[in-house]
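Biologist: I would like to learn how to read the packing of helices in a model. Could you take me through it step by step?

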Amino acid sequence: MADPRFSASVALFNRGDWYACHDGFEELWHETQGYSRRALQGILQIAVAHLHLERGNCRGATVLLGEGLGRLRSYGPSHLGLDLDALRHCAACRLQALQQNESLEELPQPLLTPANAG
């Protein structure tokens with residue numbers, strides 16, 4: 001996605017600035033039509049899940065991680081220039097830990113990494 005707000009939102013996501021990246025992705029999601037809309041919503045929901053975690057709302061985080069993963073399920077390994085497989089794997093591990101009341105401390109934060117060019 002060529003929109004500079006997308007790159008800025010990705011950078012905020014990768015810094016763990018969940019509130020600010022939520023604002024950026026939500027704005028883009030509202031403006032986007034077509035195939036990429038659900039992908040943006042899934043990424044947005046994963047970010048908001050982590051905002052819930054910061055605020056101690058494990059139930060809200062669990063619900064939104066599940067919803068975000070569900071929205072990203074229909075996409076291939078990459079979309080929007082991002083490695084969705086890596087994002088889904090990380091988010092799924094964190095969701096499983098939440099569902100089993102395990103600590104997330106040893107699990108990496110999700111990142112939005114560029115898709116492999118090859």
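**Reading helix packing**

Modeller: The axes of helix 1 (residues 4–15) and helix 2 (residues 18–31) come within 8 Å and cross at roughly 150°. This is a predicted model, in which local features need pLDDT of at least 70 and side-chain atom pairs count only at pLDDT 80 or more, while totals for chains, interfaces and linings use all residues. Residues are numbered from 1 along each chain as its sequence is written, and side-chain values use heavy atoms, with hydrogens and water left out.

Biologist: What describes two packed helices?

Modeller: Two packed helices are described by the angle between their axes and the distance between the axes. Axes are lines fitted to C-alpha atoms, for helices over the stretch in contact, and angles run from 0 to 180 degrees between N-to-C directions. The helices themselves are DSSP runs (H or I, at least four residues), numbered from the N terminus. Helix 1 and helix 2 are therefore roughly antiparallel to each other, a term for angles over 145 degrees.

Biologist: Which residues of helix 1 and helix 2 make the contact?

Modeller: With contact meaning heavy atoms within 4.5 Å, helix 1 contributes Arg 5, Phe 6, Ser 9, Val 10, Leu 12 and Phe 13, and helix 2 contributes Trp 18, Ala 20, Cys 21, Gly 24, Phe 25, Glu 27, Leu 28 and Glu 31. These residues divide into 9 nonpolar, 2 polar and 3 charged, where Ala, Val, Leu, Ile, Met, Phe, Trp, Tyr, Cys and Pro count as nonpolar, Asp, Glu, Lys and Arg as charged, and the others, Gly among them, as polar.

Biologist: Which residues of helix 2 are buried?

Modeller: Buried means under 20% relative accessible area (1.4 Å probe, protein chains only), and in helix 2 the buried residues are Trp 18, Cys 21, His 22, Gly 24, Phe 25, Leu 28 and Trp 29. Their cover includes helix 1 and helix 3 (37–54).

Biologist: At what angle do helix 3 and helix 4 pack?

Modeller: Helix 3 and helix 4 (residues 58–72) pack at about 165°, with their axes 8 Å apart, which makes helix 3 roughly antiparallel to helix 4. By class, their contact has 11 nonpolar, 8 polar and 3 charged residues.

Biologist: Where do the axes of helix 3 and helix 5 come, and how do they cross?

Modeller: The axes of helix 3 and helix 5 (residues 84–99) come within 12 Å and cross at roughly 35°. The contact is made by Ile 43, Ile 46, His 50 and Leu 53 of helix 3 with Leu 87, Ala 91, Arg 94 and Leu 98 of helix 5.

Notes
Helix = DSSP H or I, 4+ residues; strand = E, 2+ residues; numbered from the N terminus. Parallel < 35°, antiparallel > 145°, perpendicular 65-115°, else oblique. Buried < 20%, exposed > 50% of the residue type's maximum accessible area, 1.4 Å probe, protein only.
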